[in-house]
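Please examine the following structure by way of questions and answers.

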2 protein chains.
Amino acid sequence: MVAILVQPMPTEPTPLIASDDHLAHDGLIEVVAGREVPCYESPQRATAIRDALLGTGDYALDAPRDHGPDPITAVHELELLDLIEHAWTDAMAAGRDPDRPLLPDTFLLHGYAGSMALTQLPARRHDRLGAYCFDTGTPIVAGTATAARAAVDIALTAADRVLAGAPLAYGLCRPPGHHAGRTLIGGYCYFNNAAIVAQSLVDRGAQRVAILDVDFHHGNGTQQLFWERGDVLYVSLHGDPAGIYPYYSGFATERGAGPGEGVTRNLPLAPGTDGDGYLAALAEGLDAVRAFDPDAPLVISLGFDTYHADPIGNLALQTDDYGRMGSAIAGLGTSVIALQEGGYAVEALGANAVAFLGALAGSSSS
Amino acid sequence: MVAILVQPMPTEPTPLIASDDHLAHDGLIEVVAGREVPCYESPQRATAIRDALLGTGDYALDAPRDHGPDPITAVHELELLDLIEHAWTDAMAAGRDPDRPLLPDTFLLHGYAGSMALTQLPARRHDRLGAYCFDTGTPIVAGTATAARAAVDIALTAADRVLAGAPLAYGLCRPPGHHAGRTLIGGYCYFNNAAIVAQSLVDRGAQRVAILDVDFHHGNGTQQLFWERGDVLYVSLHGDPAGIYPYYSGFATERGAGPGEGVTRNLPLAPGTDGDGYLAALAEGLDAVRAFDPDAPLVISLGFDTYHADPIGNLALQTDDYGRMGSAIAGLGTSVIALQEGGYAVEALGANAVAFLGALAGSSSS
């Protein structure tokens with residue numbers, strides 16, 4: 001399948017919501033299968049995307065507006081916010097090395113309790129990190145809470161701009177969010193930016209909100225948060241979890257429950273899937289969005305870790321394919337809140353963002 | 001409190017059940033708070049204890065008898081046995097580095113699913129290790145299954161010897177077991193040797209079996225397995241989980257449920273607790289055992305990580321204190337199946353084992 005890209009210049013610059021607050025969060029390391037490696041989720045990712053987008057002249061940089069903690073606790077439990085905001089200071093008070101990020105080593109597994117009624121958690125927040133964090137790749141440092149709060153404000157500000165009339169706004173969220181659940185952090189994610197935006201759209205009157213997740217990884221957090229909800233559609237394209245993070249969810253058989261039955265749609269992709277294969281799955285996902293008939297802007301969880309050279313992905317997309325994706329999504333004819341999730345091939349992130357958002361904006365305004 | 005140690009020579013040598021099969025399991029590394037360190041749970045531990053005990057002339061070394069998998073699956077789910085027996089070969093077939101132990105990095109946390117119905121696990125066992133293993137300190141290598149199976153046979157053979165008339169038998173189990181639950185491994189533990197023995201005593205007709213756990217860490221696996229059971233008492237003395245592994249259980253408020261209500265007894269100890277403090281708590285634990293009135297040999301989960309120089313403990317016991325503990329337990333006047341759990345100050349393990357078991361055997365036979 002070859003798409004002819006139509007990319008007229010947008011009539012107005014697209015809002016690019018970003019903040020340097022993300023620089024406060026540099027996880028430095030993560031642990032993969034017991035081995036310490038430099039953290040793939042780096043500050044350079046956001047800088048590369050911002051610079052590339054601004055270089056086109058088609059984006060208007062704007063700062064996020066503080067939305068306070070309420071939109072976060074509309075989606076996450078207060079104890080999770082508390083953990084992220086205070087784990088570092090607890091660890092420093094306990095004499096932990098200030099040059100090492102906090103990474104959990106002992107996890108409150110689903111099979112830990114069995115029938116046991118567990119009565120309490122350790123008093124110091126860093127001692128209970130493994131009750132909330134499901135991997136060894138989600139470091140907490142001194143500035144994590146600042147950056148994660150800013151990412152939420154970026155996402156909500158992008159939503160504000162679209163609700164105020166922009167056909168497209170892009171929130172350069174860092175850290176990303178789609179692996180974070182009600183009491184869960186993981187996969188470089190602390191607060192679920194996309195879920196917080198979707199919930200805020202519902203809270204502002206929307207009856208049907210659709211989230212399209214094109215990150216390489218299954219957005220287990222987003223799926224969990226809306227699993228039983230009929231008002232928020234979650235459609236995700238991702239590497240087959242049979243052998244890929246987050247491993248435990250994202251199979252096609254997972255379709256929601258109760259009022260949310262059928263309102264979760266997973267499209268796992270085989271290793272090596274290229275642009276044509278991806279676009280075919282995307283068309284299926286977009287059909288699901290159309291059938292759902294949202295009455296609010298589309299929320300996109302946007303990852304570029306589907307790129308062929310991504311260091312932790314296994315798909316085979318090229319930069320041009322992101323333009324094809326943008327055009328296909330633009331075909332919905334809806335306004336879009338695009339929020340950054342993953343993507344770790346830093347050298348290609350800018351070009352991929354320009355291709356995707358340019359096609360989306362161009363067609364949106366055509 | 002100062003106890004006068006009475007240590008007459010035992011009339012017969014104490015059975016020491018051990019096997020070199022444990023040498024097949026050398027985890028090499030573990031990850032503590034994101035940092036790779038040499039695994040504290042080393043083959044040298046068992047060798048040191050065996051050599052010291054044999055050096056006294058008071059022990060008769062004997063090999064374990066193969067008891068097959070049934071006693072294991074009487075306590076653990078078959079899927080856990082399958083995981084431990086095949087995770088390594090799956091990983092090798094997938095091209096993993098044969099010189100690196102398997103350590104999970106992505107965990108099926110209690111909060112992962114929320115209300116989601118998870119439908120499947122990854123096909124390759126090493127990809128689903130984090131659905132069963134709750135920490136980054138429980139490496140799986142080529143020989144792990146062999147060693148873990150041998151440890152179970154050692155424990156069961158020690159039980160056989162006591163049931164056949166020995167007042168005391170010591171099972172030099174390695175790897176240890178008390179952190180392993182129904183579908184759970186962790187804390188260097190794969191199969192719960194002590195729980196398997198307790199269950200086998202029940203299966204052989206006992207109505208009330210008591211397990212006394214004097215390892216430094218809470219035996220969360222043992223507690224979980226017998227939480228709702230009125231026929232197996234679990235009494236544990238351990239470092240306060242408020243700041244100590246395994247963090248999520250072992251608080252004094254946990255006392256069992258249903259028919260097991262009050263049949264779990266946790267005695268957490270403050271950092272720095274010395275021999276006198278320990279013996280006071282032990283007296284309380286022994287009162288609970290007496291009140292339960294077991295009709296089977298006492299099962300002891302024996303750890304020496306309460307020792308003042310243990311690299312991962314925080315209590316302050318001296319070698320003499322292990323003699324005091326042995327004497328106090330001997331005061332129950334019951335036969336004893338003592339099974340090795342933790343203890344990582346390798347240079348002191350032999351002396352501590354000699355002190356504990358010598359006092360226990362001496363008084364038992366007096």
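Q: Which residues lie nearest the centre of the largest pocket?
A: In this predicted model, the largest pocket is lined by 40 residues. A pocket is an open set of points on a 1 Å grid over the protein atoms alone where a 1.4 Å probe fits, with protein on both sides within 12 Å along at least five of seven lines, and lining residues have an atom within 4 Å of a point. Nearest its centre lie A:Val32, A:Ala33, A:Tyr247, B:Arg96 and B:Asp105.

Q: What conventions apply to the model and its numbering?
A: Residues are numbered from 1 along each chain as its sequence is written, while chains are lettered from A and ligands numbered from 1 in the order in which they are written. In the predicted model, local features need pLDDT of at least 70, side-chain atom pairs count only at pLDDT 80 or more, and totals for chains, interfaces and linings use all residues, with side-chain values resting on heavy atoms and leaving out hydrogens and water.

Q: Which strand gives the largest share of the lining of the largest pocket?
A: The lining of the largest pocket divides into 19 nonpolar, twelve polar and nine charged residues; here Ala, Val, Leu, Ile, Met, Phe, Trp, Tyr, Cys and Pro count as nonpolar, Asp, Glu, Lys and Arg as charged, and the others, Gly among them, as polar. Strands (E, at least two residues) and helices (H or I, at least four) are DSSP runs numbered from the N terminus. The largest share of this lining, three residues, comes from strand E2 (residues 29-32) of chain A.

Q: What is the volume of the second largest pocket?
A: The second largest pocket is lined by 34 residues, of which A:Asp105, A:Thr106, B:Val32, B:Tyr245 and B:Tyr247 lie nearest its centre. The largest share of its lining, three residues, comes from strand E2 (residues 29-32) of chain B. With grid points joined across faces, edges and corners, and volume taken as the space filled by probe spheres set on the points, the value is about 770 Å³.

Q: Which strands stand at the edges of the sheet in chain B?
A: The eight strands of this open sheet follow the order E4-E1-E5-E10-E9-E6-E7-E8 (chain B), with parallel pairing; two strands pair if DSSP finds at least two bridges between them. Each edge strand has a single partner, so one side of each is left without a neighbour in the sheet; these are strand E4 (59-62) and strand E8 (264-269) of chain B.

Q: At about what angle does helix H7 of chain B run to E7(B)?
A: Axes are lines fitted to C-alpha atoms, for helices over the stretch in contact (heavy atoms within 4.5 Å), and angles run from 0 to 180 degrees between N-to-C directions. Helix H7 (residues 275-292) of chain B lies across strand E6 (209-213), strand E7 (232-239), E8 and strand E9 (298-302) of chain B. Its angle to E7(B) is about 175°.

Q: Which residue is the bridge partner of A:Leu212 in E7(A)?
A: Strand E6 (residues 209-213) of chain A and strand E7 (residues 232-239) of chain A pair in the parallel sense over five bridges. Within E7(A), the partner of A:Leu212 is A:Val235.

Q: Why is H5(A) largely enclosed by the rest of the structure?
A: A residue is buried under 20% relative accessible area, exposed over 50% and partly exposed in between (1.4 Å probe, protein chains only). Helix H5 (residues 193-203) of chain A contains A:Ala195, which has a relative accessible area of 0%. H5(A) is largely enclosed because its buried residues number ten of the eleven.

Q: Which residues does A:Ala195 touch, not counting residues up to four places away in sequence?
A: The C-alpha atoms of A:Ala195 and A:Ala74 are separated by 9.7 Å, although the two residues are 121 apart along the chain. The residues that A:Ala195 touches are A:Val75, A:Leu225 and A:Phe226.

Q: Is B:Tyr188 buried or exposed?
A: B:Tyr188 is found in the loop between E5 and helix H5 (193-203) of chain B. Its phi is near 70°, a positive value in a residue other than glycine. With a relative accessible area of 8%, B:Tyr188 is buried.

Q: Where does B:Pro246 lie?
A: The peptide bond from B:Tyr245 to B:Pro246 is cis, with omega near 5°. B:Pro246 lies in the loop between E7 and E8 of chain B.
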